[in-house]
Number of protein chains: 2
Amino acid sequence: MNAIQLFNQIRQKQSFLCIGLDPEVNRLPVHLKDVEHPILAFNKNIIDATHDLVIAYKPNVAFYECLGTSGWQQLELTIQHIREHYPEILIIADAKRGDIGNTSKKYAETFFGHMQFDAVTVAPYMGADSVLPFLEYPGKWVVVLALTSNQGADDFQMLATTGHERLFETVIRKSSTWGNPDNMMYVAGATRASMLLKIREIIPDHFLLIPGVGAQGGDLEDVAKYGLNSRCGLIVNSSRAVIYADSSERFAAVARERAFEMQQQMKEILERRL
Amino acid sequence: MNAIQLFNQIRQKQSFLCIGLDPEVNRLPVHLKDVEHPILAFNKNIIDATHDLVIAYKPNVAFYECLGTSGWQQLELTIQHIREHYPEILIIADAKRGDIGNTSKKYAETFFGHMQFDAVTVAPYMGADSVLPFLEYPGKWVVVLALTSNQGADDFQMLATTGHERLFETVIRKSSTWGNPDNMMYVAGATRASMLLKIREIIPDHFLLIPGVGAQGGDLEDVAKYGLNSRCGLIVNSSRAVIYADSSERFAAVARERAFEMQQQMKEILERRL
């Protein structure tokens with residue numbers, strides 16, 4: 001999927017919402033706990049209830065990996081379900097991988113070859129050869145961590161470097177030369193919306209994946225104010241605020257209500273600003 | 001396992017060698033390709049042939065993950081084999097994980113709870129809350145990426161920060177306050193042995209995990225010269241140079257020969273310097 005196809009989906013659905021599929025077994029609705037694949041059943045319900053309101057789903061791999069082989073199986077079946085029924089939707093592996101070249105190549109095989117994700121999040125600390133193997137798959141995306149939404153982002157990402165900028169800016173400036181706006185995106189936390197202005201100075205055209213709206217406290221209006229570009233350029237993720245909005249048998253319907261509220265806000269923003 | 005137990009193992013075996021268990025299906029000896037679990041069979045042969053020469057094994061998770069559920073199963077069975085037969089040996093998950101707090105907690109559950117690794121490598125880019133959940137397991141270790149052995153290390157790790165040091169130094173200085181030399185180690189590439197001197201100024205007591213000796217070109221004598229401390233403080237990893245030393249039916253015996261050569265060098269270094 002390229003940037004134009006992604007933008008077309010945004011215009012059709014009047015949404016730039018991504019839902020994070022981060023299911024924890026002990027937070028699932030009681031009635032799902034005894035089915036064969038509880039996580040898969042939960043995901044399918046959420047997906048079927050929200051697919052027309054979102055442009056992307058983002059499973060965080062940690063939540064599947066911690067269940068061992070059963071978790072990986074349910075992750076693969078989740079992707080299959082989206083691919084079969086909603087082929088237009090971008091599927092992002094939130095995996096934050098990154099290793100020396102021959103090892104990153106293996107990770108790229110896993111997520112793009114074996115598992116058919118469209119995009120994968122990658123940590124930049126190990127530099128170019130840890131990212132390049134992911135860029136060898138046409139139509140796939142690398143989402144580089146730039147400025148994350150957690151408190152720990154202050155520890156290193158906000159460090160001043162001698163180039164009179166902060167580390168996350170150097171990361172964006174340098175890594176953006178490794179690919180292009182059709183195969184690279186950046187993670188930019190909604191909890192620091194004003195920093196989006198600095199990011200847009202460096203990469204006006206790239207898509208930004210924005211976590212931290214909702215449970216982590218980020219504000220959608222601010223994100224749009226500083227981050228929107230002429231092709232929208234934003235994918236705003238919400239995980240817990242949507243998928244755990246309710247824990248009864250109505251959980252999927254309530255998740256849809258939350259997603260609908262966000263989509264309506266996004267629709268209004270897109271109409272006003274694009 | 002604490003630092004004293006690790007040092008005792010080093011003294012007993014006169015070795016600070018770690019073997020990286022990074023098996024690729026298409027590089028396995030032909031006679032193993034048709035067995036039920038080829039990767040597991042390969043690993044078991046390598047392990048049984050080298051266990052008395054090494055203090056640690058380090059499977060890189062990418063090489064298992066890319067095989068899907070079968071890969072994870074063979075990884076778990078590999079760990080089980082080491083645990084059962086060679087319980088003194090440190091097992092490091094080379095996973096380079098790191099995410100926001102509630103997600104890193106899941107990764108810690110995976111590697112320390114579910115899979116019984118002793119240590120896991122973690123990328124520092126997301127800061128304190130991405131590392132702290134791994135430190136909550138008594139007797140387990142976090143191995144933080146500081147200075148890696150690949151070319152891409154120059155891109156960000158070697159950046160000068162305004163604190164008149166390089167990023168990898170800032171990463172070590174700050175992160176070392178989150179734990180102690182009994183639960184934290186650092187990755188420091190052998191391809192930049194002289195940088196070990198700077199690292200030892202900041203953390204004289206921590207163990208360093210040194211990749212890049214062998215296939216990547218690092219030199220053992222230099223590593224010892226700059227990195228050794230009074231409790232050895234070094235775990236030197238070799239992967240490809242040992243496990244792929246031969247591809248015939250004698251592969252494990254030849255791997256032992258390579259490991260023995262390195263152990264003999266280490267023995268000589270330990271006798272001379274400690």
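Reply: Start with pairing: two strands pair if DSSP finds at least two bridges between them. Strands (E, at least two residues) and helices (H or I, at least four) are DSSP runs, numbered from the N terminus. This is a predicted model, where local features need pLDDT of at least 70, side-chain atom pairs count only at pLDDT 80 or more, and totals for chains, interfaces and linings use all residues. Residues are numbered from 1 along each chain as its sequence is written, and chains are lettered from A and ligands numbered from 1 in the order in which they are written.

Me: What makes β2(A) and β3(A) a pair?

Reply: They have two bridges, in the parallel sense, and at least two is what the definition asks for, so they pair. In β3(A), L90(A) is the bridge partner of A56(A).

Me: Why is the β1(A), α2(A), β2(A) unit called right-handed?

Reply: The call is about the path from the first strand over the helix to the second: with the strands pointing away from you, clockwise means right-handed. β1(A), α2(A) and β2(A) make a right-handed β-α-β unit, so that path runs clockwise.

Me: Which residues of β2(A) point which way, and are they buried or exposed?

Reply: A56(A) and K58(A) point one way, Y57(A) and P59(A) the other, and all are buried. Buried takes 20 or more other C-beta atoms within 10 Å of the residue's own (exposed is 12 or fewer, partly exposed in between; C-beta atoms are placed from the backbone), so each of the four reaches 20.

Me: How do you know what relates chain B to chain A?

Reply: A rotation of 180° with 0.0 Å of shift along its axis superposes chain B on chain A, RMSD 0.0 Å. That is the relation of a two-fold axis. In chain B, the C-alpha nearest the axis belongs to T161(B), 2.1 Å away.

Me: What makes residues of chains A and B count as in contact?

Reply: Their C-beta atoms, placed from the backbone, have to lie within 7 Å. By that test, 47 residues of chain B are in contact with 47 of chain A. α5(B) gives the most to chain B's side, seven residues.

Conventions
Two residues are in contact if their C-beta atoms, placed from the backbone, lie within 7 Å. Copies are superposed by least squares on the C-alpha atoms of residues with pLDDT of at least 70 in both.
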